[in-house]
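Reader: I would like a close look at a single part of this model. Please keep it brisk.

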Amino acid sequence: MKLGVFTPLLAQLSLDAVLTKLTAVGVHTVELSTGNYPGDPHCKLTMLENAAALKEFQKTLERHKVGISALSCHGNPLHPDKATAKTNAEINRKTILLAEKLGVDTVVDFSGCPGGSPSAKEPNWVTCPWPPEYLQILDWQWKEVATSFWKERAKFAADHGVRIAIEMHPGFLAYSPETLLRLREIAGPSLGCNYDPSHMFWQGIDPIAAIRVLGDAIFHVHAKDTQIYAANLPRTGVLDTKPYTDEAHRGWIFRTCGYGHGAEWWKEFVSTLRMFGYDGVLSIEHEDSLLSPEEGLTRAVRFLDEVVIKEKPAAAWWV
C-alpha cells in the first residue's frame, strides 16, 4: 500500500511543479483529473489526438519517477439535460481511452443522477420512499436510464482493459454500499467503487464495516476524513445543505486525515482494506475548509505515512 494525491488541490500549479512538490514530501503516485467537476485538469484529453503532447506528458512523469493510480472524470453522465449528459459521458469515454494509452487500469467517476421524468431539466435525487411517486421516479431512473448507460460503458471499459471506480456520493444514484453493489450487479465486474470513507461517515455508515460489505468491489481509495459536530446535528441532521465554509453551523465538514479521526482508526481502516484484498493507493483528497491546501497536504502525508502498511507480509512460520 502506498500514498498518492488527487491533484486538483494544486490546480494553480503546472504539472511539473505539482510533481516537484509531491516528490519533495515523498509522494510518487498521483490521481489526475481529466475534466467534468474538477476543473483545470493536469491531464489533457487532447493528448488522445496529439502524440507529441502525450509523449511529453509521459516524459514528465518519468523524469519525476511518478506513477498514476487513476484518471478521474467526476461528472453526471445521466444528467437530464441532454447536452450536459453528452459532454460528461464523452469525457468519461475519452478518459477510458486515455487510461488505456497510459497503461492506467482505473477511471474514477460518479454514477450520475437522472431527472424525475423524460421531460425533466434538473437531476432529482430521491431520498425517501414516500409519497409513492418517489419510488416510481427511482424505479424509472434505474431501469430506464442508469441500466442501459452503465452496462454499455462498463463493457466499453473492459474491452479497453480499464475498470470504472464509482465514487459513492449523495446526490447520485450510487451513494451507499447497497446502491453501489446494485449498479455493479447491473454493469458487471469491471465496475466497482472509488472508496472515500468521508462520504460514509456523514451518512452514518461505519466506513470500516462497509469494507466488509464491498469486498473486492473496492478498486481505488480516497484518503479524506470527516468531522461530525454533535452539537449541531439535532438542528441540521446529516443532509445539511449549508455551504461547506459555514463550518460553525454545519452538522459535519470534510477534514484532512487525522483531524476527524485519529491514527488508531486509520490503522484499522487500512488493515481492513488489506484483509479484504485492497493493497493499492490511498489517494489524498484535500477538501478541508479549515486548512490551506499546502498545510492540509503536508499534514495528511505526514499523518498517513505512519499509518499505511507498506510491505506485503511474508509467509508466516506458524501457518
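At what angle do helix H7 and helix H9 pack, and how far apart are their axes?

Author: This is a predicted model. In it, H7 (residues 207-214) and H9 (residues 263-275) pack at an angle of about 5 degrees. Their axes are 9 Å apart. Angles under 35 degrees count as roughly parallel, and H7 and H9 are therefore roughly parallel to each other.

Now the contact itself. H7 contributes Pro-207, Ile-208, Ile-211 and Arg-212. From H9 come Trp-265, Glu-268, Phe-269, Thr-272, Leu-273 and Met-275. By class, that contact has seven nonpolar, one polar and two charged residues.

Eight strands close into a barrel, with parallel pairing. Their order is E1-E2-E3-E4-E5-E6-E7-E10. Neighbouring strands are turned by 30 degrees against each other on average, direction ignored. Strands E6 (residues 191-195) and E7 (residues 218-223) run parallel and are joined by three bridges. Tyr-195 stands opposite Val-221 in E7. H7 packs on the sheet and touches E6 and E7. The direction of H7 makes about 165 degrees with that of E6. H9 lies across E6, E7 and E10 (281-284). Relative to E7, H9 runs at about 165 degrees.

Finally, the core. The largest nonpolar core has 80 residues. Trp-150, Tyr-195 and Phe-269 have the most contacts inside it. Phe-269 is also one of the H9 residues that meet H7. Helix H4 (residues 133-159) gives the most to this core, with eight residues. Leaving aside neighbours within four places in sequence, Trp-150 is in contact with residues including Phe-110, Ile-164, Leu-183 and Leu-191.

Notes
Residues are numbered from 1 along each chain as its sequence is written. This is a predicted model: local features need pLDDT of at least 70, side-chain atom pairs count only at pLDDT 80 or more; totals for chains, interfaces and linings use all residues. Side-chain values use heavy atoms; hydrogens and water are left out. Axes are lines fitted to C-alpha atoms, for helices over the stretch in contact, and angles run from 0 to 180 degrees between N-to-C directions. Helices (H or I, at least four residues) and strands (E, at least two) are DSSP runs, numbered from the N terminus. Angles under 35 degrees count as roughly parallel, over 145 as roughly antiparallel, 65 to 115 as roughly perpendicular and the rest as oblique. Contact means heavy atoms within 4.5 Å. Ala, Val, Leu, Ile, Met, Phe, Trp, Tyr, Cys and Pro count as nonpolar, Asp, Glu, Lys and Arg as charged, and the others, Gly among them, as polar. A nonpolar core is a set of buried Ala, Val, Leu, Ile, Met, Phe, Trp, Tyr and Cys residues joined through side-chain atoms within 4.5 Å. Buried means under 20% relative accessible area, exposed over 50%, partly exposed in between (1.4 Å probe, protein chains only). Two strands pair if DSSP finds at least two bridges between them.
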